[in-house]
Amino acid sequence: MSNDRAVSEHYLHGDLLKAIQAAIPRLGKTLDSITIEDLAPVDEFHIGGRQATEHFVGQLNISEQDHILDVGCGLGGAARYVANRYNNHVTGIDLTEEYIETGNALCAWVKLDQHISLHQGSALSMPFQDETFDGAYMMHVGMNIDDKARLFNEIYRVLRPGACFGVYDVMRDKHGELTYPVPWATEKSTSNLAAPDQYKHALENAGFVVSKENNRREFAVDFFKRLAEKVAADGGLPPLGLHTLMQQSTAVKIKNMIENIAAEYIAPVEIIAHKR
Ligand SMILES: C[S@@+](CC[C@H](N)C(=O)[O-])C[C@H]1O[C@@H](n2cnc3c(N)ncnc32)[C@H](O)[C@@H]1O
């Protein structure tokens with residue numbers, strides 16, 4: 001099986017749009033009243049959810065005129081957050097067809113479809129012309145991509161000179177055997193973790209200038225602690241959440257990820273760079 005197929009099969013739900021739609025009445029909402037805040041627990045598929053997105057995106061110097069690229073956009077939760085906050089245009093690309101179809105439907109529900117277009121495709125070979133975008137970001141995607149040199153060359157190609165590019169990925173910390181499955185991979189052979197230095201090296205080789213690196217380990221530990229406390233206080237899972245995406249495998253994937261972070265084998269890290 002090609003790596004692209006393995007990745008999209010890993011993320012395939014099978015009936016995701018219906019599963020999200022079925023939860024809406026339990027939120028006391030309808031398709032007309034649902035907001036991007038209501039959807040955030042399910043459509044921000046990275047450590048820290050919306051809170052992490054706000055922290056990360058706030059460092060990218062985005063303005064209203066900017067056309068922004070979301071690399072590996074998933075369901076497009078971050079794209080909707082950006083388009084809503086900056087009143088600008090966002091284009092997303094993702095390998096997983098079901099995420100793109102679902103994500104475009106969610107954009108229509110919250111009436112952001114005029115600002116956002118999500119496309120199925122590979123970040124390693126994007127159907128965009130050179131120097132199309134004023135900025136780009138990528139959240140929790142590099143763990144599925146072995147060839148980071150090609151990935152960053154391709155992102156560099158589609159950015160205008162001076163454009164900002166931010167990465168928020170789970171990265172390798174100390175050496176040690178990770179426990180699988182984790183949210184991005186069922187087993188070691190489909191996980192492509194790299195250390196922050198490897199990311200920075202690949203970014204600089206592509207031509208980017210790296211200006212910031214933030215290890216978000218403590219934020220992650222605190223986030224998961226607060227999430228567990230909330231589930232206990234509420235007496236169960238909320239109508240929408242990462243369990244909607246990962247279904248029966250959610251508990252073991254999240255548990256392993258928390259343990260891998262606690263052991264300092266991995267950590268979520270932000271890296272901010274710009275194109276010369
Ligand atoms: C953990 S999800 C994160 C999704 C989204 N960025 C978010 O934070 O909500 C990882 C996503 O990366 C996508 N992905 C992995 N490899 C890719 C590639 N080569 N090209 C495009 N998308 C890819 C997957 O399809 C999946 O949607």
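How many nonpolar, polar and charged residues are in the shell around the ligand? The shell has 15 nonpolar, nine polar and two charged residues. Here Ala, Val, Leu, Ile, Met, Phe, Trp, Tyr, Cys and Pro count as nonpolar, Asp, Glu, Lys and Arg as charged, and the others, Gly among them, as polar.

This is a predicted model: local features need pLDDT of at least 70, side-chain atom pairs count only at pLDDT 80 or more, and totals for chains, interfaces and linings use all residues. Residues are numbered from 1 along each chain as its sequence is written.

**Stop 1: the ligand.** Select Phe45, Gly72, Gly74, Ala123 and Asn144, which come nearest of the 26 residues around the ligand. (A residue is near a molecule if its C-beta atom, placed from the backbone, lies within 6 Å of it.) Next, colour α1 (3-11), α5 (77-86) and β2 (89-94); each supplies at least two shell residues. α1 gives the most, with three. (Helices, H or I of at least four residues, and strands, E of at least two, are DSSP runs numbered from the N terminus.)

**Stop 2: α3 and α5.** Select α3 (residues 36-43) and keep α5; their axes come within 9 Å and cross at roughly 150 degrees. (Axes are lines fitted to C-alpha atoms, for helices over the stretch in contact; angles run from 0 to 180 degrees between N-to-C directions.) That makes α3 roughly antiparallel to α5, a term for angles over 145 degrees. Show Ile36, Leu39, Ala40 and Asp43 in α3, which meet Gly77, Arg80, Tyr81 and Asn84 in α5. (Contact means C-beta atoms, placed from the backbone, within 7 Å.) By class, this contact has four nonpolar, two polar and two charged residues.

Key
Parallel < 35°, antiparallel > 145°, perpendicular 65-115°, else oblique. Contact = placed C-beta atoms within 7 Å.
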